[in-house]
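Author: The questions below follow one protein chain part by part. Please keep the sequence and the structure in view while reading.

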Amino acid sequence: MSVRRVARYLKLTAFAALTSFVSIPVHALGPAPDPATTREAVVQVYGARTMGVKGIFGVHTWIAVKPANALSWTVYEIIGWRLRWSDSALVIRERQPDAPWFGSVPELYADKRGVGVEELIARVDKAARDYPYSNTYTLWPGPNSNTFTAWIARAVPELQVDLPATAVGKDYIGSTFVSTAPSGSGFQFTLAGVFGVVASPVDGFELNLLGLNFGVSGSGVKLPMVGRVGLPHFFETAKH
């Protein structure tokens, strides 16, 4: 192994350690409620621009859960570089969900809390552990971190997540051509996440050309690199 590769490995390992153990003041960063004062169950979905040039085109997304009466958040995400030393890119850990991602401020895409959310948390956990691409990662067109978030959103459509155009990889569904939209509602037709169309009450209408998404939904206009012109539309709290 070259000196450069060793240095890069050590840098990534150090970052992983820091993000796992450095304590960030709860509720000091953004929209995640403080577990010390919020007793109800909560599920939130976030995204933030990725590092370097990649951040011009895309975001990294993750799902955070706080069971009722829990004193900390649990975050589910795919981190591709973990495959350099692990056989799985799936990370399930306690961390502050609205902390900056490599300096990028996260954006909240979905927020569910209260009645019925405890059940959703159990389903999120199961879907995450059943994710079929945890041992592989491809920046474009997927599978990647956004493929993972869309996988969970399809498995738990009550989350009603309207991912932005910059969530490159959300349209990747493997070798099949037809599925529900990334939100788990409506309809999607795609060719390996490179070409396709989406129509659903949550996602609106989207056209995917070479992984670049153009569309419109209740949350606004969706454009490549821009992401979304408008704010995410949060649907009513989940119910039984």
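**Helices, sheets and loops**

Reader: Is the crossing in which helix 3 passes helix 4 left-handed or right-handed?

Author: Helices (H or I, at least four residues) and strands (E, at least two) are DSSP runs, numbered from the N terminus. A crossing is left-handed if the near helix is turned anticlockwise from the far one by less than a right angle, and right-handed if clockwise. Helix 3 passes helix 4 in a crossing that is right-handed.

Reader: What kind of model is this?

Author: Residues are numbered from 1 along each chain as its sequence is written, and side-chain values use heavy atoms, with hydrogens and water left out. Local features need pLDDT of at least 70, side-chain atom pairs count only at pLDDT 80 or more, and totals for chains, interfaces and linings use all residues, since the model is predicted.

Reader: How does helix 3 lie relative to helix 4: roughly parallel, roughly antiparallel, roughly perpendicular or oblique?

Author: Axes are lines fitted to C-alpha atoms, for helices over the stretch in contact, and angles run from 0 to 180 degrees between N-to-C directions. The axes of helix 3 (residues 117-129) and helix 4 come within 9 Å and cross at roughly 130°. Angles under 35 degrees count as roughly parallel, over 145 as roughly antiparallel, 65 to 115 as roughly perpendicular and the rest as oblique, so helix 3 is placed, relative to helix 4, as oblique.

Reader: How many nonpolar, polar and charged residues form the contact of helix 3 with helix 4?

Author: Contact means heavy atoms within 4.5 Å. From helix 3, Arg 123, Val 124, Ala 127 and Ala 128 meet Phe 148, Trp 151, Ile 152 and Ala 155 of helix 4. Ala, Val, Leu, Ile, Met, Phe, Trp, Tyr, Cys and Pro count as nonpolar, Asp, Glu, Lys and Arg as charged, and the others, Gly among them, as polar. The residues of this contact divide into seven nonpolar, no polar and one charged.

Reader: Which residue of strand 2 stands opposite Gly 47?

Author: Strand 1 (residues 42-49) and strand 2 (residues 59-66) run antiparallel and are joined by eight bridges. Within strand 2, Val 59 is the residue opposite Arg 49. Opposite Gly 47 stands Thr 61.

Reader: How many residues of strand 2 are buried?

Author: In a regular strand the side chains alternate between the two faces of the sheet. Here Val 59, Thr 61, Ile 63 and Val 65 point one way, while His 60, Trp 62, Ala 64 and Lys 66 point the other way. Strand 2 is largely enclosed by the rest of the structure, because the buried residues number eight of the eight.

Reader: Which strands are the edge strands of the open sheet of seven strands?

Author: The order of this sheet is 6-7-8-9-10-11-12, with antiparallel pairing. Pairing on one side only are strand 6 (178-179) and strand 12 (227-229).

Reader: Is Pro 106 buried or exposed?

Author: Pro 106 has its place in the loop between strand 4 and strand 5. Leaving aside neighbours within four places in sequence, its contacts include Tyr 46, Gly 47 and Trp 62. At 13% relative accessibility, Pro 106 counts as buried.

Reader: What separates the C-alpha atoms of Met 225 and Lys 54?

Author: Met 225 lies in the loop between strand 11 (220-223) and strand 12, and is partly exposed, with a relative accessible area of 42%. Not counting residues up to four places away in sequence, Met 225 touches Arg 49, Ile 56, Phe 57 and Thr 166. Although Met 225 and Lys 54 are 171 residues apart along the chain, their C-alpha atoms are separated by 9.9 Å.

How values were computed. Pairing = 2+ DSSP bridges. Buried < 20%, exposed > 50% of the residue type's maximum accessible area, 1.4 Å probe, protein only.
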